[in-house]
Amino acid sequence: MGLLKDSTSDLKEKIIRLFTLEGNDALLWCDYSGNYGDDITDNQKKHAVNEALNALNQLDLNLGKIYVNNENIDKILLIREAILLVNHHSTNSWNRSRSMLLTNQFLGYCCWSDVNMGFIDCDDYYSTLSTLSKEQLKYYLWWREEAKKESYNVISSRMLWVYIYDLLTNTCFSTPNETLNHLIKLYNKYSDLVPIEHARELTKDKLNSIIASYIIYNQLWDFTNLLNEFKFEDNYNISLSI
């Protein structure tokens, strides 16, 4: 994942596989994506891949990270677009789930290295890392870096759900224990983060159940005492079998 200190060449190869579907660990996606047709032509795919390769070659990769700033954010978007296009993001729920996961993997390597960002709203109920606009993505990457340092800034409810999904796909931290720790910190801080009361309370209830699900799914038996505080509820369950 994004936290491993890969060599520059290894990291490049991992990213390239996300939008070319080449390599042993990408064969499953490659085989499955061919089952669904869409209006994307081979020429469009080749163009997107070439644009992404050129963009990747111009990015600063160091110790398993891509350092993102106002100057290179467009290159990040080109790579994201190639991942979505090659993985047939627009065709059906399976392809959307796959392309969203691969996008999260790519953006898991990214860290914001520019100036602090001012608040950017996000009110699209279906927002993911695959759909955030350029300004929203810049804000999100900055916000996520601050959150990793336990500095939680104001964020819209929808964008916070992008972060929760980011955590659940294990692209933010290297171990389930670390992820669980940050889910709990997020839960405890949540009332101070989201400005709209209804969204705040609804999401906090869901997050309570997600934490319980995460403990059980990842078999974190050293933390079963937390199940006295965090309760699993079917109404707020989400699938963790990603």
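1. Let's start with a term: a residue is buried when its relative accessible area is under 20%, exposed when over 50%, and partly exposed in between, using a 1.4 Å probe and protein chains only. By that rule, 13 of the 15 residues of H6 are buried, so this helix is mostly covered.

2. A word on where this comes from: this is a predicted model, in which local features need pLDDT of at least 70, side-chain atom pairs count only at pLDDT 80 or more, and totals for chains, interfaces and linings use all residues. Residues are numbered from 1 along each chain as its sequence is written, and side-chain values use heavy atoms, leaving out hydrogens and water. The H and S labels are DSSP runs numbered from the N terminus: helices (H or I) have at least four residues and strands (E) at least two.

3. How far apart are the end C-alpha atoms of helix H6 (residues 134-148)? They are 21 Å apart, which agrees with the 21 Å that 15 residues should span at 1.5 Å a residue. The expected span is 1.5 Å times one less than the number of residues.

4. Now look just past H6. Glu150 sits in the loop between H6 and helix H7 (157-168), and has a positive phi near 65° though it isn't a glycine. Most residues other than glycine have a negative phi. Glu150 counts as partly exposed because its relative accessibility is 44%. Leu63, in the loop between strand S1 (61-62) and strand S2 (65-68), also has a positive phi, near 55°.

5. On to the sheet. It is open, with three strands in the order S1-S2-S3 and mixed pairing; two strands pair if DSSP finds at least two bridges between them. S1 and strand S3 (110-112) are the edges, each pairing on one side only. S2 and S3 run parallel, joined by three bridges, and Tyr67 has Cys111 in S3 as its bridge partner. H6 packs on this sheet, touching S2 and S3, and its direction makes about 85° with that of S3. Contact here means heavy atoms within 4.5 Å.

6. Last, a helix pair. Helix H3 (residues 42-57) and helix H4 (residues 73-86) pack at about 145°, with axes 8 Å apart. Axes are lines fitted to C-alpha atoms, for helices over the stretch in contact, and angles run from 0 to 180 degrees between N-to-C directions. Residues making the contact include Ala48 and Ala52 of H3 and Leu78 and Ala82 of H4.
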